[in-house]
Amino acid sequence: IVVSFKYMTWLPLCILAVALYGLRGVANLLENPFAWGKEANDLSAIGEALWTTCANTHAMCAGTEKGRADIEELYADIEHKQSRIDETVREAYNDVRTHVAAVAVSAPKHKTSNSPWLFPPQRRFPMTRFSFITECFTIRGTVILPLVPIVIGFSSVAFMFWLWTWKTCEDANIVANRCELQISNEAHVLATPVLGFVVAYVLNLGYERYYSARAHMDDLYEHGRNAMLEMRVSFARTKKTLTTKETDDDYARFFNALETLVAFMRQSLREVRVGYPDGAIVSNEDKDKAANPNTLLDDDFVGAPRLPELLSAEARNAFAGVAPHLRVYKSAGQVLRTLHDIRVRSKLHEKAFYRIQRSVQGMLRAHANCERIVTTPVPPFYMSSVYVMCFVFVLTAPLAFLSSYRWYVSIPTAILAFLVYGILRLARLMMNPFTFTAPSFDVGASARNIHVLSSLLALSS
């Protein structure tokens, strides 16, 4: 650029900076479409449009005598029903608000109940004015530290190539690219688009799996929440519609079975396949227990709520003979049997029974989709081919760089290694989003949210 534009070099550099960092700024604005900026979606406009539509509809209906009479009759009926609201309903509402406030204060937090380990917090990149500079010097939550050995290794090899060439070849031949170790850069120029496409495709595969898992996790929580809310509405208690102790027991048993189902889903997606994270097990006695597959039932070191808190020892023994990844379906059967018993004994409405059953089936579908992501890896032959291509490309790149960069050939080699292997590492991290590393999703968060919601919707005051 300097040779071509000379003293006007600042102009193409400004255009390039505006293009690159302008796209970054647009992406930052699109990431939060419900902020207060001018570029965000105006949620108040939706309410205003709805209000305007209702007002216009009322005006059109009131254009005739019959329309005005119908509207007045509707208003009178609404006022009549509002006047008949029993005071006990208001008291029950106040009791529920007090109960919700008390449970919300004592709700389980991010920390697990029996382990010093905490799920690593997700890294959030700031959107400040100078973040494009400060983020260049940020290490936490990035792939810089894991890539340091790889970058140092390739840089050292590149410097050794230079030393060998410098000892065995003259400077004029090095510049003319005539030494034995040197190769033409034409092969790398032709291979760069192919390698870029391959690496980008791997990154796209990881991206699709990562955000598909996020959608399925949201579906799991949504269906579990809907099942609990539907059950709570079906057994709403007031002073005029008191429930029996048997009904309360059925209600509590269903909530406990649903929480247990979510806990087994958490284990089948994460603990069964990954094990326990470093730092979760401290004592030697717990380490010995962790070697037993049934420790997921008896200890559940990183669970919240833990299975020993949800199931008695006798109930846990019923799952001991079942493979860990199949305990979800046994637990789902118990949830559906409990729901069927509630329908028979407590006279649960047929529509409510159908909606709750459909929500439980939705949870199973979401879990099956998450399991499909975990158990269906990218074909190993494809990944090994990608790694071989990247290794050969980066390893031979210094041989093509020697004539241009000479003794500081390690610098472009380090940058190339960081970019190629950084993208590959990021893709591999996103391909399995149910681990204990920071980019993964906290599967236990759904179990904790279901547990908190269960406590908030408890029938007893």
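Begin with the cysteines: a search of the whole structure finds 1 disulfide, a term that stands for a pair of cysteine sulfur atoms within 2.5 Å. Select Cys169 and Cys179, which this disulfide joins with an S to S distance of 2.0 Å. The torsion about their S-S bond is about -85 degrees, so the disulfide is left-handed. Cys169 sits in the loop between helix H7 (144-168) and helix H8 (171-175), while Cys179, 10 residues apart from it, sits in the loop between H8 and H9. Both Cys169 and Cys179 are buried, where buried means under 20% relative accessible area, exposed means over 50%, and partly exposed lies in between (1.4 Å probe, protein chains only).

This is a predicted model, in which local features need pLDDT of at least 70, side-chain atom pairs count only at pLDDT 80 or more, and totals for chains, interfaces and linings use all residues. Residues are numbered from 1 along each chain as its sequence is written, and side-chain values use heavy atoms, with hydrogens and water left out.

Of the 461 residues, 35% count as buried.

Next, select Met231, Phe254, Leu258, Leu261 and Leu348, the residues with the most contacts inside the largest nonpolar core, which has 36 residues. Such a core is a set of buried Ala, Val, Leu, Ile, Met, Phe, Trp, Tyr and Cys residues joined through side-chain atoms within 4.5 Å. Among the elements that give two or more residues to this core are helix H9 (186-234), helix H10 (245-274) and helix H16 (350-375), and H10 gives the most, with 10 residues. Leaving aside residues up to four places away in sequence, Met231 touches Tyr251, Phe254, Phe255, Leu339, Ile342 and Ile356, a contact being heavy atoms within 4.5 Å.

Finally, turn to the surface and select Tyr405, Trp407, Tyr408, Ile411, Ile415, Phe418 and Leu419, which form a nonpolar patch with about 720 Å² of accessible area together. Areas come from the Shrake-Rupley method with a 1.4 Å probe, and for residues only the protein chains shown count as cover. Helix H18 (residues 410-431) supplies the largest share of the patch, 4 residues, whereas Tyr405 is found in helix H17 (residues 380-405).

Conventions: Patches are made of residues with over 30% relative accessible area and no salt bridge: like charges are joined within 9 Å, nonpolar side chains (Val, Leu, Ile, Met, Phe, Trp, Tyr) within 5 Å. A salt bridge is a side-chain nitrogen of Lys or Arg within 4 Å of a carboxyl oxygen of Asp or Glu.
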